[in-house]
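Me: Got a model open here and want to go through its charged pairs, then a helix. Can you take a look?
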Amino acid sequence: MAEITANLSIGEVAEHTGLSVHALRFYEREGLFVNAVRRGAGGRRVYSEDDVDWLTVCIILRASGMPLPTLRRYTDLVRDGAGNEEERLTLMREHQENVTAQIGRLSESLDLIRFKVGVYEDLVDQGSAATRQCHAPSASA
């Protein structure tokens, strides 16, 4: 990855993070930046490496299913600085539990999908459209 300079335009940050310019403006409106977005000449947004690093954290947390209000609360806690680590820990533990449960549900889904792939591979290999029902794995599968 190319080195990131200290004064990035909104387009450059969009390129580095994969977020759209619209999404970056949305994140700013929603208060999801730890530091206020600076303005340069002509009122254009100017971002720092720290902003990009923070956005990377936000992107990962959002991808993991963290709701915007929770991400906003976490941002507020980080912005407030030292002294609220216990609340940050509680927030992250709760999210960790949610992600772990989500992974469990996805694992169950993947088991079913693998079963269905196996059934259809067998049917295709047999060259026939068997009439048997194959909606779920058997208890022994």
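Me: What does Arg 39 form a salt bridge with?
Reply: This is a predicted model. In it, Arg 39 forms a salt bridge with Glu 28, and the closest N and O atoms are 3.4 Å apart. Arg 39 sits in strand β1 (residues 38-39) and Glu 28 in helix α2, so the pair ties together parts 11 residues apart in sequence.

Me: Which residues are linked in a network with those two, Glu 28 and Arg 39?
Reply: Arg 45; Glu 28, Arg 39 and Arg 45 are linked in a network of salt bridges.

Me: How many salt bridges does the structure hold?
Reply: The structure holds 5. Among them is Arg 72 with Glu 30, at 2.3 Å from N to O. Arg 72 is in helix α4 and Glu 30 in the loop between α2 and β1, so this pair ties together parts 42 residues apart in sequence.

Me: Is Arg 72 buried, exposed or partly exposed, and why?
Reply: Partly exposed, because its relative accessible area is 26%. Glu 30 also counts as partly exposed, at 23%.

Me: OK, the helix now. Why does the span of α3 agree with its 15 residues?
Reply: At 1.5 Å a residue, helix α3 (residues 49-63) should span 21 Å, and its end C-alpha atoms are 21 Å apart.

Me: Which residues in α3 are buried?
Reply: Asp 51, Val 52, Trp 54, Leu 55, Cys 58 and Leu 61. What covers the buried residues includes α1, α2, β2 (45-46), α4 (68-80) and α5 (85-126).

Me: And what is there at the start of α3?
Reply: A side-chain oxygen of Ser 48 reaches to within 3.3 Å of the backbone nitrogen of Asp 50. Just after α3, Gly 65 takes a positive phi of about 100°.

Technical notes
Residues numbered from 1 in each chain as written. Predicted model: local features only at pLDDT ≥ 70, side-chain atom pairs only at ≥ 80, totals over all residues. Heavy atoms only, no water. Helix = DSSP H or I, 4+ residues; strand = E, 2+ residues; numbered from the N terminus. Expected span 1.5 Å × (residues − 1). Buried < 20%, exposed > 50% of the residue type's maximum accessible area, 1.4 Å probe, protein only. Contact = heavy atoms within 4.5 Å. Polar contact = N/O pair within 3.5 Å; in protein donor to acceptor, adjacent residues only side chain to side chain. Salt bridge = Lys/Arg side-chain N within 4 Å of Asp/Glu carboxyl O.
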